[in-house]
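User: I'm new to this one and would like to learn how to read it. Could you walk me through a few features?

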Amino acid sequence: MSKNTVRLRIFKNKTAAIIFDNEHKKVNTLGTQTLHELETILDDVHKNKNIKLLTIQSAKDGIFIAGADIKEIQNLSDASEALEKVQKGQAVLNKIAKLPFPTVAVINGMCLGGGAELALSCTYRIATDHPKTKIGFPEVQLGIFPGFGGTQRLPKLVGLVSALPMILTGKPIDGKKAFKKGLVHAYVAHSFLSDSLKKFTDQVLSKKVKKKRLPLRHRILQSMGFRWFVFYQAKKTVLQRTKGQYPAPLKALEVVRKTFKVKTFKKGLAVEAQEFSKLAVSKISKNMIHVFYANELLKNQAREKARFADVSVTSAAVIGAGVMGGDIAWLFSKAGISVRLKDLKWGPVVTAVNHAKDIYQKLKKKRKVTASEMDRKMNLISGTIENQPLKQVDFILEAVVEDMQVKQKVFKDLEKKTTNQTVLATNTSALSVTSITSGMKNISRTIGFHFFNPATKMPLVEIIPTPKTSKATIGTAFSLALKMGKTPLQTKDNPGFLVNRLLMPYMNEAAHMFDEGVDIEIIDKLMEKFGMPMGPFKLADAVGIDVGYKVAKELYQAFGDRMKPASILSKMVDQGLLGSKTGKGFYDYTKGGRSVSSAVDRLRPKHKIIIDKDIINRCLLIMVNDAARCLEENVVDSPAHLDMGMILGAGFPPFRGGLLKYADDKGLQDIMQNLLFLTKQYDKRFDPVPMICELARKNKTFYGGV
Ligand code: NAI
């Protein structure tokens, strides 16, 4: 093995530095090769009687060590091999902990997973205010937990109360917070790092560094009488967040609980390694790593596309200050972009501005923005009902009612009021962007820019170019979406784009089952148990039955009988049962909480029971079948793009790896057989598409390709 990821320097003043600098990668990781090199260096320095202090640093800007090598974890298929690997990692880090002189981890950038565990094995840690300095244990997001001693060292260092949220949520903290929690011994400006490090190591050598004591409350809470309560609360929070579908945080909690007061450190490490190795080979971990890579692919491609942007958006306008317009205006301001909200009436404008203020107030309460930041950001938002020119604006997003004629009129009008430097975008849910912009002279600057509700939270933006949209406009849209903290996904301009095209059949299928007489709660519960964030009826109520019905009709018009809306939808629209916004939809929200709406239940023709398997298959396979059509029609570039769209835009459960990954895992022969069964039993809308039949015949997968 060639030595190329970590090196040793020994200085005249009898200090030494281990420097991580992977020659072949942008980031440092703790893979087998690096651990091997590190171990050799550690054995050398251990023997060196001249060294009196060792620092561990990185030569890369903004990176300490980004974590273990995820590819290696992904390739683990045998628990005993996983055990061997994780024990090796533990042993190497133990060598750091056992060095006969003090060690200092110099954290000036990303310090995650195995990297953070390495830092924990040092005697001291110093962190900088570099914007990229983040210390955290994101392992649970990959279906595992810290296995290189993290579950042992972190709780002992910062106490249970601070350690558990870090291990169980995977959320990293910055250098300042790490200092407050006692995770690092010094917090310094990154621009003066070498001076500060010198000062700090001098203090270490003269034994002047003080250890932070845990706050009294934390000490009491982790004492014998109260500890059970901390674990009880932590478990409750994990179960609320994960609905018990993600085993990693629960296992991590169990490991910490079992080992927090274990007699020897070695015993604790053994429990950690055992449990880690089981999770590392689990299907859920493999799926979550699959999602991690799919997400990286999407982000990297987005950054590539953003390079073609010809405008860096600093000013924007939103036309239509309704539900979406209000959220989007807030997003613009948060990204530091001035935004003008325009509506026909003052009412929605005022509501939208107040809504933005409410969001900032909540963030201020949580100390996520300061009062002056909030004022500055709110000053970026202005409102109008005048039809003024918008010549200085870089990007205009139309978010008026979902009506082709209204939108066409808005676009024609916008063309007159802007220069051809401005990008004109639509937030339409399902209408053809090409048709919306068809009356314009120059459509090279037009594009679909589709947020999901609530836009403040949902991470996906679908970017929908027309055949004539310029590359620079696509680039500007990608760059803007990234600036707004969103993940952009390019889709073809077809009805419903990607996510609504697949999500509507899911809700519609559930509504068909209602029409046949099935209880809505049974269906919702089954789909939530599968992992969907909301059952189809709860989702329909949240979207709004009228909004959903409108989209359903558009899809029916475009795709024909297979998307025919269930009859209950029009009946509900006629009776004003429009979902949570009117207090009544499939469920009744007027009595506080949520109960099945008696008004809707009365519309159920008869009571019928369908077996669970059929309910789940009907909801899922109707999507899988159309997802295959989306691939056939090149709606998105690949199965990974489709899966990420469904995870980020529809909340499809990441632990399943995505809709197509789920189908691949089931096997396409199984999927085809089930679709044929549903066709025979229920309707020809389930007829499997040619791609599925061909993949099944060839015993291939969506990801493997035809
Ligand atoms: P909304 O009905 O809450 O708001 C629309 C606003 O546009 C209203 O305030 C209305 O007064 C205003 N408006 C109508 N014509 C206008 C004009 N000519 N000039 C200026 N303002 C005008 O609608 P919502 O829900 O915000 O939807 C807006 C768009 O976003 C639609 O195309 C919808 O399909 C899409 N969308 C909606 C989502 C949702 O869940 N509500 C999700 C994603 C996209």
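Predicted model: local features only at pLDDT ≥ 70, side-chain atom pairs only at ≥ 80, totals over all residues.

User: Is asparagine 699 buried or exposed?

Analyst: Buried means under 20% relative accessible area, exposed over 50%, and partly exposed in between (1.4 Å probe, protein chains only). Asparagine 699 is exposed, because its relative accessibility is 64%.

User: What about the phi of asparagine 699?

Analyst: Most residues other than glycine have a negative phi, and most peptide bonds are trans. Asparagine 699 has a positive phi, near 55 degrees. Arginine 367 also has a positive phi, of about 60 degrees, and lies in the loop between α15 (346-365) and α16 (371-378).

User: Which residues does a cis peptide bond join?

Analyst: That bond links asparagine 453 to proline 454, with omega about 0 degrees. Proline 454 is in the loop between β16 and β17 (460-465).

User: Which residues are closest to the ligand?

Analyst: A residue is near a molecule if one of its heavy atoms lies within 4 Å of it. Here 22 residues surround the ligand, the closest being Met324, Asp343, Glu402, Lys407 and Ser429. For polar contacts, look for pairs of N or O atoms within 3.5 Å. Aspartate 343 has a polar side-chain atom 2.6 Å from a ligand oxygen, and lysine 407 has one 2.6 Å from an oxygen of the ligand. Asparagine 453 turns up again: a side-chain N or O atom of this residue is 3.0 Å from a ligand oxygen.

User: Which residues touch the most other members of the largest nonpolar core?

Analyst: In soluble globular proteins, nonpolar side chains tend to be buried together. A nonpolar core is a set of buried Ala, Val, Leu, Ile, Met, Phe, Trp, Tyr and Cys residues joined through side-chain atoms within 4.5 Å. The largest has 82 residues, and Phe586, Leu642 and Phe702 touch the most other members. Helix α26 (residues 612-632) gives the most to this core, twelve residues. Apart from it lies another core of 71 residues, including Val86 and Phe137.

How values were computed: Residues numbered from 1 in each chain as written. Heavy atoms only, no water. Polar contact = N/O pair within 3.5 Å; in protein donor to acceptor, adjacent residues only side chain to side chain. Helix = DSSP H or I, 4+ residues; strand = E, 2+ residues; numbered from the N terminus.
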